[in-house]
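Student: Hey, can you walk me through this one? I'm new to it.

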Amino acid sequence: MEQKRNKILLTIRRTSFTIYAILAMIMAAATFIENSYGSSFVHKHIYDAWWFIALWIAALCLSITCIHKHFAWIKRLFCKKGKTAAIALLCLLPLCSNAAERKVVEREQADSMRTLQVIYNDRICPLNTPALELTKKLTGKKSFEGLTAEQILLSWSLYPEEWKDVKMIKVKKSATRNALGIKDEYASFADFFDEEGNYRLTPGKYTEIEDRLILLVLLTQGELFTPLPKEYQPLSKARIETEILYNNIPTNIILFSSSFTLAFCLFFLQLKHKDNKAIRVTALSIKILLSLFLATSLGVRWYISEHIPLTNTYETMQIVALTALLYSCFTHKNAMPPLIIAGATLLVTHIASFDPQITVLMPALQSPWLSSHVTTIMISYSLFAMLLFKPNKKMLIWAEVLLATGILLGSIWAKTAWGSYWSWDPKETWALISLIVYMYPLHPATFPWFRSESHQKLYLRLAFLTILMTYFGCNYLLTGMHSYAQ
């Protein structure tokens, strides 16, 4: 009798998980359909359809049969060992012309204007900030042919006719170079226009190039930045000097190179079977220093921007790296995976097109729920990333709990920002898909396939694609209310 009862329960649980899998696939497809046909179409034919709601009710009702199985580990997690862990979780809640052929502003004069306070990106900052960001966008570097960023910005602003023929705009893609008929890696502003002043590229096709050209147009028209008006309260000298220092320290380069180097050294020492107290202490000291360096960098960014640095891809990826570095400080046997994750995250942040600009918060982000929601979600993503290296049930449980908590906090924030707890926005939908996908390995009794470590490894690596889709795909492939995160 008991065996028959268990068999029925197993069938019910498997049926519920099958429905969840179907729902995840439907929701994933819906986000792409929405991108093509619009939100109203998807809501009418999928999210508000009777059959979709019926599937959710069926899945949730059938899930009740296995909920009691999890009370034991929840009790152990929060009562036996986890009082401090529970407190930590609750704390999140509140929470080409030659130089001789062009006019150049002298170095001494340009340097004297570095601390000049201007309005740029709707905030007050030193001239050094727009100068560096313009130069890096145009050339990929902080300087050009021995000229400082301030010299380039001021020279372009004062002598645009002399500078429009200077080959300094970096063209990465060969297709763009072919379309322009140039062989060099750099092009001039004039290369993008014919003799009659017509734009030579297909409008909208080369957005990266167009963004750079627009910056130069705004600069020459005096609209990229404006001197601080007299009625504005200037920033303190310390604030200006802090931002200039922050602008000129290559934080990401230092951190990702150090993380990779330390991970390589630890791997090499393991191969040589060298492990002693001196090595452990040295490695721990380096990891603590790297964590403090990144935490300080984020703190300085917070001080400069006057809001918590969790508002765009660049900042949230640094939070992922910080989480991985902090985790590495508390583990010795598996120190390499978090170091590799931290290094890889910072490397991608450095080489990809993520914009490090410090900007003013848009109204939707001006909420006390920002820190708790984003921090919880990003910590869960960090834990999911660490699972790529080795299955760990406790880490998976915590990652799922944090992701679920982050979704809950986000829904509360959505109610205050948009008037509804859940809107089936692509990012909301993919976060829910990730939550569903990662719950399967937690049920080896229902799915014996997950009892094999090799099977779990394979599944967890494939499952991480849903996190990548949630974090990157919804920002750069799909459109929705969360698109401000770019």
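Tutor: Strands here are DSSP E runs of at least two residues, helices are H or I runs of at least four, and both are numbered from the N terminus. It's a predicted model, where local features need pLDDT of at least 70, side-chain atom pairs count only at pLDDT 80 or more, and totals for chains, interfaces and linings use all residues. Residues are numbered from 1 along each chain as its sequence is written, and side-chain values use heavy atoms, leaving out hydrogens and water.

Student: OK, how many bridges join β1 to β2?

Tutor: 4, and the two strands run antiparallel. Strands count as paired if DSSP finds at least two bridges between them.

Student: What's going on at N121 in that hairpin?

Tutor: N121 takes a positive phi near 55°, and the hairpin has 2 residues between its strands.

Student: Which way do the β1 side chains point?

Tutor: Q117 and I119 point one way, V118 and Y120 the other, and all are buried, meaning under 20% relative accessible area with a 1.4 Å probe, protein chains only.

Student: Switching topic, what does Y20 touch?

Tutor: Leaving out residues up to four places away in sequence, its contacts include W56, L60 and Y440; contact means heavy atoms within 4.5 Å.

Student: And how many helices and strands does the chain have?

Tutor: 20 helices and 5 strands.

Methods:
Buried < 20%, exposed > 50% of the residue type's maximum accessible area, 1.4 Å probe, protein only.
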